[in-house]
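Hi,

Here is the structure I promised to pass on. Have a look at it first, and then read on for what turned up.

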Amino acid sequence: MSEESWALAVDVQEATTPCSQFEITKKVDRLRGPRNLKGDINGNIIPEKSRGGGGGGGDEDKIDLAEQSLLNKLIRRSLVRNRNQVEVLQRDPTSPLYSVKTFEELRLKPELLKGVYNMGFNRPSRIQENALPMMLAQPPQNLIAQSQSGTGKTAAFSLAMLSHANPANKWAQCLCISPTYELALQIGQVIEQMGKFCPDVKLAYAIRGNRMERGIKLQEQIVIGTPGTVLDWCTKYKLIDPKKITMFVLDEADVMIATQGHRDQSIRIHRQLSKDCQMLLFSATFEDSVWRFAEQVVPDPNIIRLKREEETLDTIKQFYVLCKEKEDKFTALCNLYGSLTIAQAVIFCHTRKMAAWLTAHLTKEGHQVALLSGEMTVEQRAAVIERFRNGKEKVLVTTNVCSRGIDVEQVSLVVNFDLPVDMDGNADNETYLHRIGRTGRFGRRGFAVNMVDNKHSMDIINQIEMHFNRRITKLDTSNLEEMESLIS
Ligand SMILES: Nc1ncnc2c1ncn2[C@@H]1O[C@H](COP(=O)(O)OP(=O)(O)OP(=O)(O)O)[C@@H](O)[C@H]1O
């Protein structure tokens with residue numbers, strides 16, 4: 001079928017049997033069974049291990065778990081919203097369950113409390129309410145805590161380590177391992193900031209490049225590092241006596257086990273610790289593999305979980321536009337943009353090449369455009385997102401690489417210049433949800449426009465419609481009146 005005729009066929013089909021296709025695909029979807037959607041209204045980047053960005057095409061961006069995590073940290077300004085209840089599973093269900101509503105209730109050292117308030121924290125976050133009393137309890141309790149990125153885990157264990165460290169003892173007492181150099185530095189910054197008024201508590205970084213003399217003993221009470229270097233410091237250089245570590249923190253367990261060699265190194269470090277050492281493990285996700293690892297590292301754990309908030313398409317109007325080729329998509333995009341009052345828009349392309357092409361053309365048309373793609377460093381990506389967030393550019397063109405990284409409340413339009421597909425070329429519903437889920441946040445109305453340029457992409461739209469059971473309406477961007485009446 002030629003492009004003209006398939007577009008016509010779609011028109012005819014829509015005009016005559018408006019719901020039939022919708023119904024059929026719905027049935028197919030039911031047969032396929034439910035899919036595992038991990039919603040996140042906060043725009044967190046979620047591991048996409050199983051996906052390669054979809055559908056072939058050469059230069060699509062791949063996403064690295066540790067990079068995602070770092071990007072989240074770099075662009076996050078505050079706690080993410082989560083209205084779900086925290087689930088607590090106590091090791092000893094008969095012991096009373098403590099939770100705190102204020103930092104004062106934790107009876108912290110005044111200098112530490114000052115550091116917490118100095119960071120602008122007024123009250124504990126949802127996960128901190130339960131995790132902090134458990135981490136600070138006497139006798140020490142082991143903990144496995146899972147909640148999405150941005151809910152306050154790092155701040156919680158930083159506070160626990162600062163509270164636990166005894167400045168009178170000049171040896172390493174708290175050991176924290178993190179999957180990468182950059183992530184370790186980020187944690188270190190939190191500890192330094194929070195411990196600003198506790199000058200006697202010192203921090204050492206066990207990361208590559210930080211060369212130490214063999215045989216001397218570390219004087220610092222807190223050590224943060226990556227598994228390889230920490231292992232060297234414990235075994236080869238003997239800078240740390242693992243038996244004197246009384247608090248062990250394993251951060252980002254999901255990222256850790258996804259990184260080659262880190263799982264085994266973490267277990268080797270763990271084996272050297274004393275049986276009485278308090279074990280704390282944190283993870284943003286909790287697949288079976290993470291859980292199995294957690295159980296190995298944390299005996300007799302208390303477990304705290306905060307489920308993600310489900311993302312919803314309820315407040316989002318979804319459309320598709322029939323186009324012939326990329327130039328046509330571009331014209332449709334310009335029509336759309338010219339006729340609507342749009343605060344800010346995010347446009348998703350499948351490949352870097354397409355994103356670069358679109359950015360160049362939009363810029364030529366006089367739009368202020370930001371481009372985000374995989375060849376940039378994480379810091380560059382964070383800077384682009386920051387500029388966009390501050391309204392320096394009104395349009396952000398991007399590939400899958402940050403489909404979940406941007407948390408910009410003023411985005412009212414998301415355009416799928418290329419539709420999200422999985423490696424088999426089928427609709428990638430999860431990515432679709434995350435892309436357009438960033439409009440219409442917190443009860444605001446948002447619009448999503450999908451560019452459809454062949455029969456296959458029309459099939460994808462149908463698959464998405466059925467999956468979410470939400471209508472995606474055809475939009476004619478050359479008909480201003482129709483467009484205004486639909487998008488209002
Ligand atoms: N009690 C609090 N009150 C206000 N802000 C907080 C509080 N706890 C943490 N924050 C802030 O919220 C943001 C997220 O916190 P934090 O980094 O601890 O979360 P996280 O769950 O470890 O996420 P990630 O793994 O992505 O770092 C940070 O900007 C942090 O400064």
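Predicted model: local features only at pLDDT ≥ 70, side-chain atom pairs only at ≥ 80, totals over all residues.

Seven residues of domain 1 and eleven residues of domain 2 take part in the contact.

How much area do domain 1 and domain 2 bury between them? The figure is about 890 Å², and carbon and sulfur atoms account for 59% of it. On the domain 1 side, the residues that lose the most area to domain 2 are L71, I75 and R77, which together make up 59% of what that side buries. As for salt bridges between domain 1 and domain 2, the count is zero.

Salt bridges do turn up in the structure, though: it holds 13 of them. One to look at is K101 with E129, where the closest N and O atoms are 3.1 Å apart. This pair ties together distant parts of the chain, since K101 sits in the loop between β1 (86-89) and α4 (110-118), while E129 belongs to helix α5, 28 residues apart. In general, side chains of opposite charge can pair when their charged atoms come close.

By class, the lining of the second largest pocket is made up of twelve nonpolar, ten polar and six charged residues.

There are also two cavities of 30 Å³ or more in the structure. The second largest cavity has a volume of about 30 Å³. Its lining consists of F103, F121, Q128, L132, A155, A156, L159 and M194. Two elements, α5 and α6 (153-164), each give two or more residues to that lining, with α6 giving the most, at three residues. What classes do the lining residues of the second largest cavity fall into? Seven are nonpolar, one is polar and none is charged.

Finally, two spots in the backbone. Is the peptide bond from Q138 to P139 cis or trans? It is cis, with omega near -5°. P139 is placed in the loop between α5 and β2 (143-147). The other spot is E252, which has a positive phi of about 50° although it is not a glycine. You will find E252 in the loop between β6 (247-250) and α9 (253-258).

That is the tour. Over to you, and tell me what you make of it.

Cheers

Methods
Residues numbered from 1 in each chain as written. Heavy atoms only, no water. Nonpolar A, V, L, I, M, F, W, Y, C, P; charged D, E, K, R; others polar. Contact = heavy atoms within 4.5 Å. Buried area = accessible area lost by both parts, 1.4 Å probe. Salt bridge = Lys/Arg side-chain N within 4 Å of Asp/Glu carboxyl O. 1 Å grid on protein atoms, 1.4 Å probe; cavity = no way out; pocket = protein on both sides within 12 Å on 5 of 7 lines; lining within 4 Å. Points joined across faces, edges and corners; volume = space filled by probe spheres on them. Helix = DSSP H or I, 4+ residues; strand = E, 2+ residues; numbered from the N terminus.
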